[in-house]
Amino acid sequence: ETVGRQDIAEKLFEDYQRYYSQGRAPRQTRGFSNPHRVIVNLKDPVHRTIAELQLRTGARVGDVKKIQIDYENQRVIIPKSKGGRTRIIDFKELSKYDQAKADEFERIAELKEKLDYHMRERDWKEIRGGGGSVGSYYKDLRRAVKMAGETYGGAHAFRASYAERFWEWAENQGWEREQIERVLEEHLGHSRVEWSRHYAGR
């Protein structure tokens, strides 16, 4: 279990992943077995909103506030994500396979509106941490994970949960492995398909 400053711990883990992506097998990133149980155990409603957005979009914590909602085309857009990439999740396309994806898009849009409203009175640095302080989100998350009986793996576990859930959903739609990998790579903003497999546990 990681102890100490969580913002530093997660940054070191991301650096570790980037280094080993050059040719070595990455450390397995595990999703939560029941991410919704973790979310409901978060005390702060803003933290719950952030966590659910992570789960429904696969966003990194730092990207959550960047989320843009394209209502006309039913797309979730995350500009200037890690590596300068713009991530796009096309829910209009996904809803051709499963109409429930249209409802999911509406839920994400609702969550983003809620987050924007609350952030008018909240300090993002206080939530995420940095500059020598541990973010309140990580403190709350560690407690919630323990309450839910899960293993703590940082906020990245929501990202892994997204990948696992999307892979399972795509398989149920009859997608071929290559299609799942390509789309998931776009959703997660990875430069190598191996990382998408890694997050999905495949």
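Q: At what angle do helix H9 and helix H10 pack, and how far apart are their axes?
A: Bearing in mind that this is a predicted model, helix H9, which covers residues 156–172, packs with helix H10, residues 177–188, at an angle of about 150 degrees, and their axes lie 10 Å apart.

Q: And what does that make them, roughly parallel or roughly antiparallel?
A: Angles over 145 degrees count as roughly antiparallel, and H9 and H10 are therefore roughly antiparallel to each other.

Q: Is the crossing of H9 and H10 left-handed or right-handed?
A: The crossing of H9 and H10 is right-handed.

Q: Which residues make the contact?
A: From H9 the contact is made by Arg159, Tyr162, Ala163, Phe166, Trp167, Ala170 and Glu171, while H10 brings in Arg177, Ile180, Glu181, Val183, Leu184, His187 and Leu188.

Q: How many of those are nonpolar, polar or charged?
A: Sorted by class, the contact of H9 with H10 has nine nonpolar residues, four charged ones and one polar one.

Q: Switching to the strands, in what order do they sit in the sheet?
A: There are three strands in an open sheet, in the order S1-S2-S3, and their pairing is antiparallel. Strand S1 (68–70) and strand S3 (87–90) are the edge strands, each pairing on one side only. On average, and with direction ignored, neighbouring strands of this sheet are turned by 20 degrees against each other.

Q: How many bridges join S1 to S2?
A: S1 is joined by three bridges to strand S2, which spans residues 75–78, and the two run antiparallel. Within this pair, Ile69 stands opposite Val76 of S2. S1 and S2 also form a hairpin, with four residues between them, and in the turn Gln74 has a positive phi of about 50 degrees.

Q: Then over how many bridges do S2 and S3 pair?
A: S2 and S3 pair over four bridges in the antiparallel sense, and the bridge partner of Arg75 in S3 is Asp90.

Q: Last topic: where is confidence lowest and where is it highest?
A: The protein averages a pLDDT of 84, with 78% of the residues scoring at least 70. Confidence is lowest in helix H1 (residues 6–20), where the mean is 52, and highest in S1, at 98. Over residues 16–26 the pLDDT is below 50, although in the model this stretch has 16 contacts beyond near neighbours in sequence.

Conventions. Residues are numbered from 1 along each chain as its sequence is written. This is a predicted model: local features need pLDDT of at least 70, side-chain atom pairs count only at pLDDT 80 or more; totals for chains, interfaces and linings use all residues. Side-chain values use heavy atoms; hydrogens and water are left out. Axes are lines fitted to C-alpha atoms, for helices over the stretch in contact, and angles run from 0 to 180 degrees between N-to-C directions. Angles under 35 degrees count as roughly parallel, over 145 as roughly antiparallel, 65 to 115 as roughly perpendicular and the rest as oblique. A crossing is left-handed if the near helix is turned anticlockwise from the far one by less than a right angle, and right-handed if clockwise. Contact means heavy atoms within 4.5 Å. Ala, Val, Leu, Ile, Met, Phe, Trp, Tyr, Cys and Pro count as nonpolar, Asp, Glu, Lys and Arg as charged, and the others, Gly among them, as polar. Two strands pair if DSSP finds at least two bridges between them. pLDDT is the predictor's confidence in each residue, from 0 to 100.
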